[in-house]
Amino acid sequence: MPFVLARLVRRLGRARTWALPVVIIATVFFTSWPLMIWAEPSGNAITSVENYWWWFVVTASTVGYGDFFPTSFGGHLVGVYVIVGGIVTLTTLFTRIATAIENAKGQRMKGQLDLDLSDHLVIVGYTPGRTERLIQEIAADGTHPVALCAWEEVAQNPLPEQPDVGFVRGDLTEEDVLRRAGVHRAARVLIDARDDNEALALAVAVTHVNPEAHTVVTLRDMSRARNFSYVDDDVRCVQWHSPRLATEELQDPGIAVIYADLMSHGGRNTYSTPLPSALAKVDFGQVQTAMGRSFTTTVIAVQHDGGILTPDWETPLPEGSVLYYVGERRLSDDEIAGALTGDRAH
């Protein structure tokens, strides 16, 4: 019987089926029971079906409670057969489990599995070094899960030490690849392509899969941003050479528009001016209130002796302070002094 069992294992093993352990243990059970009935005296309770299945389980698992046991030499041989069959079954089962785990790990490393993520960030495109820095900045500002989509040329997950970053690879213009990364369930998508033409193709694919996601595209040539408005008015384009701006736009949607307005001719710009000497230790809050009320400007920083101050609202500004403010035009000393004098008069 062990010879028959060995041949069965070899033949079924080629099929690589999960049914193999079940077939082995079932074969051992249905062949050992008649043998036990033939070998044991009729008075031995082990031969009855209600007792034999219990003895079979505890013997095949090598537990052996001893409440039932064979007494004849032939019964002992049947017991050895059952023990060997149990060991073979468990070994086969554990081998199948280990193989399945290893295969799943390999598929995950190769980006072949579907990601079970939602309301997450998807980065479409991988650039060695740059993508790692982007993910590091994004992770430092929040706990939203991240999925990385890379082209097929990236053979396996480039970030294996970060298990919280999902990985998918393939043709990034294909809908099924994007869906494996959960783009259709994503809250935010960053398209960081190898060139601007590729970025446009990816933007079309991403907005087709999920037109509701907040999509940010990095561009080498910002003059091409208007092409992306044809795809979707809500697609935000940022300068490829400013990855920090990309992460800020992802985390605070709309901030790229503010930066663009500040940096464009005719928009609100950033100016600096020394605090007029006629104003002795005016409070920061007075400066902010007066300039905002009179000229719709916002003081964003104060510098003194080469250092940037972060004053509280009621902190007196030292003489020689330099004001940095955002406004529609540059203000003269007289305008600033007049606004502050009028404000203090109230």
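Start by selecting helix α7: its buried residues (under 20% relative accessible area, with over 50% called exposed and anything in between partly exposed, using a 1.4 Å probe and protein chains only) are Asp196, Glu198, Ala199, Leu202, Ala203, Ala205, Val206, Thr207 and Val209. Before you go on, note that this is a predicted model, in which local features need pLDDT of at least 70 and side-chain atom pairs count only at pLDDT 80 or more, while totals for chains, interfaces and linings use all residues. Residues are numbered from 1 along each chain as its sequence is written, and side-chain values use heavy atoms, with hydrogens and water left out.

**Stop 1: around α7**

The expected span is 1.5 Å times one less than the number of residues.

The chain has 12 helices and 10 strands, taken as DSSP runs numbered from the N terminus (H or I of at least four residues for helices, E of at least two for strands). Of its 346 residues, 39% count as buried. Among contacts with a separation of 6 or more, 64% are between residues 24 or more positions apart.

**Stop 2: α2 against α3**

Next, select residues 20–39 (α2) and 49–60 (α3). Two packed helices are described by the angle between their axes and the distance between the axes. For α2 and α3 the angle is about 125° and the axes are 11 Å apart. Axes are lines fitted to C-alpha atoms, for helices over the stretch in contact, and angles run from 0 to 180 degrees between N-to-C directions. The pair is therefore oblique, the class left over once angles under 35 degrees are called roughly parallel, over 145 roughly antiparallel and 65 to 115 roughly perpendicular.

Show side chains for Ile25, Val28, Phe29, Ser32, Trp33 and Met36 in α2, which meet Val49, Tyr52, Trp53, Trp55, Phe56 and Ala60 in α3. This contact has 11 nonpolar residues, one polar and no charged. Here Ala, Val, Leu, Ile, Met, Phe, Trp, Tyr, Cys and Pro count as nonpolar, Asp, Glu, Lys and Arg as charged, and the others, Gly among them, as polar.

Stay on α3 and colour its buried residues: Asn51, Tyr52, Trp55, Phe56, Val58, Thr59 and Ala60. Its end C-alpha atoms are 16 Å apart, in agreement with the 16 Å that its 12 residues should span at 1.5 Å a residue. Just after α3, click on Thr62, where phi is positive at about 60°.

**Stop 3: Glu40**

Move to Glu40, in the loop between α2 and α3. With 5% relative accessibility, Glu40 counts as buried. Leaving out residues up to four places away in sequence, Glu40 touches Ile46, Thr47, Pro70, Thr71, Ser72 and Gly75. Of these, Pro70 is 30 residues from Glu40 in sequence, with 6.7 Å between their C-alpha atoms.

**Stop 4: α5 against α9**

Now select residues 130–141 (α5) and 243–251 (α9), which pack at an angle of about 40° with axes 10 Å apart. These helices are therefore oblique to each other, and their crossing is right-handed. In α5, look for Arg130, Leu134, Glu137, Ile138 and Asp141; they meet Pro243, Arg244, Thr247, Leu250 and Gln251 in α9. By class, the residues of this contact are four nonpolar, two polar and four charged.

**Stop 5**

Select Glu152 in the loop between β2 (146–150) and β3 (165–169). Glu152 is exposed, at 53% relative accessible area. Beyond its neighbours within four places in sequence, Glu152 contacts Arg169, Gly170 and Asp171.

Finish with backbone torsions. Most residues other than glycine have a negative phi. Asp119, in the loop between α4 (73–109) and β1, has a positive phi of about 55°, and at 53% relative accessibility counts as exposed. Thr296 sits in the loop between α11 (284–295) and β8 (298–304), and its phi is also positive, near 55°.

Terms used. A crossing is left-handed if the near helix is turned anticlockwise from the far one by less than a right angle, and right-handed if clockwise. Contact means heavy atoms within 4.5 Å.
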